[in-house]
Amino acid sequence: MKHPSLRFCAGLLALALLFTALPAQASAARSGGTLTTQDGLYYACFNGLTADEEYFVVVSRSGTEPLAADHLLYAAQQAASDTGTLEVPFRAASASEAAYVAAFRRDAPAPEDHTITVTGGTASPAKAAPGATVTLTAEDKSAEKKTFSGWTVTSGGITLADPSAATTTFVMGSEDVTITANFKAASSPASSSQPAQPASADDSGSALLLLGAAAAVAVGIVLVLPVELSGQLSSQDGTPLPGVLVTLSQNGAIIAQTTSNAEGRFAFKVRRGTYDLTAAFSAPDGILPPQTVTVKAPLEGLVVRQGV
């Protein structure tokens with residue numbers, strides 16, 4: 001009669017052989033599990049399995065080599081319930097030991113490793129099978145000292161344990177993962193806030209500088225505010241000319257265009273400056289050469305007569 005420990009080893013070896021004989025590609029039949037604990041035991045729990053189907057359940061310390069003998073915590077074959085759930089107990093020193101928790105049908109391929117691409121940090125391991133726990137570490141290799149500001153998951157459909165922590169973990173899914181560590185410039189020490197003091201005789205120079213700066217800002221604002229440039233187009237005898245295309249340009253570039261109204265009037269809102277105003281007058285026998293005048297905005301009441 002075989003010793004119980006020998007029977008266990010033989011059974012474990014047979015199970016491992018079943019696993020290694022499976023195809024290498026991934027399969028939708030494989031499911032990752034979650035962990036619960038009760039009365040000193042840990043439980044690998046699965047949902048969404050095929051009802052009453054036989055599954056191989058593996059709990060391992062390694063996501064990269066889950067079937068290595070020194071990594072296995074639990075390996076057995078068990079049928080899912082009629083509702084597609086499965087719960088198996090196992091013993092471990094802590095929940096962190098169970099880095100890989102998976103169940104897949106006997107006819108399903110073995111889990112395939114997926115790549116973790118990290119910008120601004122590292123992943124350990126850099127490749128992992130679905131269900132494996134991966135540790136991310138942010139690393140700023142720039143010359144400037146920057147502060148970590150969080151992770152951005154670009155692809156992979158994973159959930160980080162703590163997206164704001166420079167070192168965090170996630171459970172590997174069924175596709176490659178791309179993730180970025182974000183950094184921001186380190187803030188300089190905050191200067192002490194002091195209440196404003198009235199200007200004294202000794203501070204008159206500083207007060208004048210402040211007033212001068214404020215005046216300069218005010219002037220700058222005035223210079224960029226839009227002003228009006230308007231006028232009227234008419235024939236030589238003063239008859240208003242409607243429907244004439246008026247073009248405003250500066251340094252050869254067109255700034256704005258409009259058409260004179262029924263009274264021959266036009267108007268632009270522009271910045272202060274010098275412009276070329278061109279009117280495209282027409283005659284009964286065709287279009288006349290464009291007529292251009294140089295104007296300076298703001299300007300109101302400009303009159304441009306055809307042919308003058």
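Buried, in what I say today, means under 20% relative accessible area, with exposed over 50% and partly exposed in between, using a 1.4 Å probe and protein chains only. By that rule, 33% of the 308 residues of the protein count as buried.

Some ground rules. This is a predicted model, in which local features need pLDDT of at least 70 and side-chain atom pairs count only at pLDDT 80 or more, while totals for chains, interfaces and linings use all residues. Residues are numbered from 1 along each chain as its sequence is written, and side-chain values use heavy atoms, with hydrogens and water left out.

Now the overall picture. The protein has 2 helices and 23 strands; these are DSSP runs numbered from the N terminus, helices being H or I with at least four residues and strands E with at least two. Contact means heavy atoms within 4.5 Å. Among contacts between residues at least 6 apart in sequence, 60% join residues at least 24 apart.

Two strands pair if DSSP finds at least two bridges between them.

How many bridges join β9 to β11? There are 4, between β9 (residues 121-124) and β11. In that pairing, Gly121 stands opposite Ala138, and Thr122 stands opposite Thr137.

Strand β11 itself covers residues 133-138, and its side chains alternate.

Leu136 takes us to the core. A nonpolar core is a set of buried Ala, Val, Leu, Ile, Met, Phe, Trp, Tyr and Cys residues joined through side-chain atoms within 4.5 Å. Which members of the largest one touch the most other members? Of its 22 residues, they are Ile116, Leu136, Trp151 and Phe170. At least two residues of this core come from each of β7 (100-105), β8 (114-119), β11, β12 (146-155) and β14 (177-185). Beyond its neighbours within four places in sequence, Leu136 is in contact with residues including Ile116, Val118, Trp151, Phe170 and Ile179.

Phe46 is in strand β3 (residues 41-46). Is Phe46 buried or exposed? Phe46 counts as buried because its relative accessibility is 1%. Not counting residues up to four places away in sequence, Phe46 touches, among others, Ser31, Val57, Leu86 and Ala102. Phe46 and Ala102 are 56 residues apart along the chain, and their C-alpha atoms are separated by 8.3 Å.

Ser249 lies in strand β16 (residues 245-250). Ser249 has 15% relative accessibility, so Ser249 counts as buried too. With neighbours within four places left aside, Ser249 is in contact with Ile254, Ile255, Tyr275 and Asp276.
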